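Hello,

Here is the structure I promised to hand over. Please look through it first, then read my notes below.

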Amino acid sequence: MSDKVYTDYFYNSEDFDKNHAGYKKLHMPEDVKPAPLIVPPVLKPDKQEGNDIWFTIDA
C-alpha cells in the first residue's frame, strides 16, 4: 500500500449529471464520515520487450 493518503476526494464544485442533463453541486451527505482514500503503489512490470509489457496480478 502507498503511504500517501488522500482525504479530500469530496469537493464542492459543479459536476455534470448525465441522468438529469445538467450540472449539480457535489456535497457530502450528513450521515457519511470522511475516510482516507488509500491509493496503492504503481504496479511494476514483470517483463518488458519493446511495446509489450507483462504484469502478474494476484486476485
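**What was found**

The structure holds one salt bridge (a side-chain nitrogen of Lys or Arg within 4 Å of a carboxyl oxygen of Asp or Glu). Before the details, a word on the source: this is a predicted model, where local features need pLDDT of at least 70, side-chain atom pairs count only at pLDDT 80 or more, and totals for chains, interfaces and linings use all residues. Residues are numbered from 1 along each chain as its sequence is written, and side-chain values use heavy atoms, with hydrogens and water left out.

**The salt bridge and lysine 47**

Which residues form the salt bridge? Glutamate 49 forms it with lysine 47. Their closest N and O atoms are 3.4 Å apart.

Lysine 47 lies in strand β5, residues 47–49. Strands here are DSSP runs of E with at least two residues; helices are runs of H or I with at least four; both are numbered from the N terminus.

Lysine 47 counts as partly exposed because its relative accessible area is 41%. Glutamate 49 is partly exposed too, at 45%. The cut-offs: buried is under 20% relative accessible area, exposed is over 50%, and partly exposed is in between (1.4 Å probe, protein chains only).

Lysine 47 has another partner. Its charged end sits over the ring of tryptophan 54, 4.7 Å from the ring centre. For that, NZ of Lys or CZ of Arg must be within 6 Å of the ring centre and within 35 degrees of the ring normal.

Leaving aside residues up to four places away in sequence, lysine 47 touches Asp52, Ile53 and Trp54. A contact means heavy atoms within 4.5 Å.

**A surface patch**

Leu43, Ile53, Phe55 and Ile57 form a nonpolar patch on the surface. Together they have about 410 Å² of accessible area, by the Shrake-Rupley method with a 1.4 Å probe; for residues, only the protein chains shown count as cover. Patch members have over 30% relative accessible area and no salt bridge; nonpolar side chains (Val, Leu, Ile, Met, Phe, Trp, Tyr) are joined within 5 Å, like charges within 9 Å.

Phenylalanine 55 is in the segment after β6 (52–54). Its relative accessibility is 42%, so it counts as partly exposed.

**The chain as a whole**

The protein chain has six strands and zero helices. Buried residues make up 3% of its 59 residues. The chain exposes about 6000 Å², and carbon and sulfur atoms supply 54% of that.

Best wishes
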